[in-house]
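I opened the notebook today to look up the surroundings of the ligand first, and then the packing of some helices.

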Amino acid sequence: MQTFDITIVGGGHAGIEAAHIAAQFGVSVAIITMPGIGLGSAPCNPSVGGVGKGQVVRELDALGGLMGILADKAGIQFRTLNDSKGFAVQSTRVQIDKDLYSQRAEELIANIPNISVIREKVLEIKPSEDNFEITTSKRSYRTKKIIMTVGTFLNGKLHTGSSQTLGGRVDCEPSRGLQTLFSDIKTLPLRFKTGTPPRIDKKTIDYTKLDEQPSDSTVRNFHCLHDPFTRLSEQVSCFLARTNHETMGIIRANKEKSPMFNGQIKGVGARYCPSIEDKAYRYPDKNVHHVFIEPEGLKLDTMYPSGISSSLPADVQLEYVRSIEGLEKAEILVYGYAVEYDVIDTTELKITLEHNQIPNLYFAGQVNGTSGYEEAAGQGFIAGANATLALLGLDPLILSRHESYIGVMIEDLTSNTRDEPYRLFTARSENRLFIREDNSIQRMFPYRSQLLLNTTLDIYQKIFLHDFEELLDFCDETMIPEYSPLILEFSGEGDLQKLSRRMSVTEILKQAWLNPISTLERVLGYHGVVVPLDLIRTVAISKKYDGYIKNSQVQHEKLKKMDGMKIDWQNISSSKNISFECRQRVTRIKPETFGQLKLIEGIRPATLAVVAAKAL
Ligand SMILES: Cc1cc2nc3c(=O)[nH]c(=O)nc-3n(C[C@H](O)[C@H](O)[C@H](O)COP(=O)(O)OP(=O)(O)OC[C@H]3O[C@@H](n4cnc5c(N)ncnc54)[C@H](O)[C@@H]3O)c2cc1C
């Protein structure tokens, strides 16, 4: 019987990250994954990154993960989301060619000699004294550690209208239930659900009626060792369409045919990834919703209409799609559907993602109740690293929530029983001014160093951080005299924005009306100092937020001491500064103290910060 140190069940986004990091330590790794599905395949939105998620991809990249490398190689349109907002919440989003992404993943993994990719379906796993026996559709294997990354496949069921089939995604069979794979592991009593929109034939769209969104050449690639602005694939545009009165009318008129609303689907969907039915029935007065029409690949015939995922019957999908301007003659090549699946109770997991009751068994990805490729990849990395570190008798890798979104996600997952799919967004962090995309290397370097891998990545990061410190010192130490033309140039409008004295570069960068990046670029140009744009960006933003970050650390310390403080839940329920979700949850639970408020599932750190700031 073939034996491995680490076996990963599932070759999705969580699985390939787990395998890749484990293999870097030289242990023997197997990915056992169902035949017919490529490694790192994207069953839904063909994109990587986005708000909160772009930060995860850069964190992963700095830790030595795969996702940033693959997204750059397969990236066909680059954008910065939230670019009109503060730097902390700006995120990179890359449209990917989904076939190319999976092909690159296959090539990369195939080039790692100590990873075996086994295309078989796992049917049963038996723990024995110090290892597991895995039985697949063809044979059995032994392994010391297992990482389960089975996505939406556990007892998966697909719905399009009244038609129901068993499967993990379209054209794929389901995986058996966890209780049959193992003998004594529980899943959550409730099931989760996700959905995907119909795919449209790209030749049947009238693009002249849509708003074009070209790729932005100023967005940096994800992988820090790639040249930041050299694209590795051909660039194409995405397009913006809108639903209208007629579209939403068709969906509302067919409510009884919607499996989500006629009782056929019992699973709970992601609040922040609503289907078009959710939007139609929950917001009856709103008819105009954005629909981003995105290519699925350079050579693929399909366009992905982001924002209209649906499990309505096929004829209704075609009717509402054709009511959208520009899509009047659209042909649907694959109809939208919803998938229901089992997830595990993540409070049964340690912060290393190892199961509490069954040592050496780890879980990562959508099977943990999360939604999204980036969330899956982040967990895959942590599970893969920790399974290997444990095997080698080394300290575990535990990312603090104050330094990373991956840390936020894993702490949230392991401390609360989920009642809906978990998605990352920036408000989940109480420290979001610090955990930004631009400073991912600074934040992740201590964790990466802990792995003692000493690759080109580590050398690059050391040099980058050395240069970062030098540039910070330059900003503190370089004084711009009051007679310098720069002082005049940086003065804004009116007396309050007049710079009339000698100032350090650091002081200048903090002025509210100045864009810190272009300001620092100008100062460096004036002094003849040549520095890469990446470095300028991270130093400029770090300086700009310096004071706020220190305040937020102080705030965090205060929050910890405030648990007994009385609060008025009615005030919170009516506050405009608090999200709808948090107000809903507060109204339901009616917490009396700050400590109680903190424990409510779904209450965001940003809400706690608002309540705390009012109370102090
Ligand atoms: C229909 C649909 C819609 C989605 N919509 C969205 C969305 O709108 N937004 C979003 O962010 N995310 C969406 N997702 C989720 C996204 O696909 C996942 O978050 C992500 O792929 C999870 O990665 P993973 O590695 O956990 O699992 P997956 O990528 O699903 O990989 C699981 C792997 O496990 C393998 N596997 C399962 N069981 C077995 C077994 N018994 N033996 C061997 N191999 C097995 C499968 O073959 C598969 O390769 C959607 C997913 C689906 C299916």
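Which helices and strands each supply at least two residues of the shell around the ligand? I found that α1 (13-23), β2 (29-33), β12 (192-196) and α9 (373-391) each do so, where helices (H or I, at least four residues) and strands (E, at least two) are DSSP runs numbered from the N terminus.

I noted that this is a predicted model, in which local features need pLDDT of at least 70 and side-chain atom pairs count only at pLDDT 80 or more, while totals for chains, interfaces and linings use all residues. Residues are numbered from 1 along each chain as its sequence is written.

I read that 35 residues surround the ligand, the closest being Gly 10, Gly 12, Cys 44, Gly 151 and Gly 365; a residue counts as near if its C-beta atom, placed from the backbone, lies within 6 Å. The shell divides into 14 nonpolar, 19 polar and two charged residues, with Ala, Val, Leu, Ile, Met, Phe, Trp, Tyr, Cys and Pro taken as nonpolar, Asp, Glu, Lys and Arg as charged, and the others, Gly among them, as polar.

I then turned to helix α6 (residues 245-253), whose buried residues are Thr 247, Met 248 and Ile 251 (buried means that 20 or more other C-beta atoms lie within 10 Å of the residue's own, all placed from the backbone). Seen down the axis of α6, these buried residues fall within an arc of 90 degrees, so they line one face of the helix; the arc is that of the directions from the helix axis to the C-beta atoms. I recorded α7 (276-282) and α8 (314-322) among what covers them, by contacts between C-beta atoms, placed from the backbone, that lie within 7 Å.

Technical notes. A residue is buried if 20 or more other C-beta atoms lie within 10 Å of its own, exposed if 12 or fewer, and partly exposed in between; C-beta atoms are placed from the backbone. Two residues are in contact if their C-beta atoms, placed from the backbone, lie within 7 Å.
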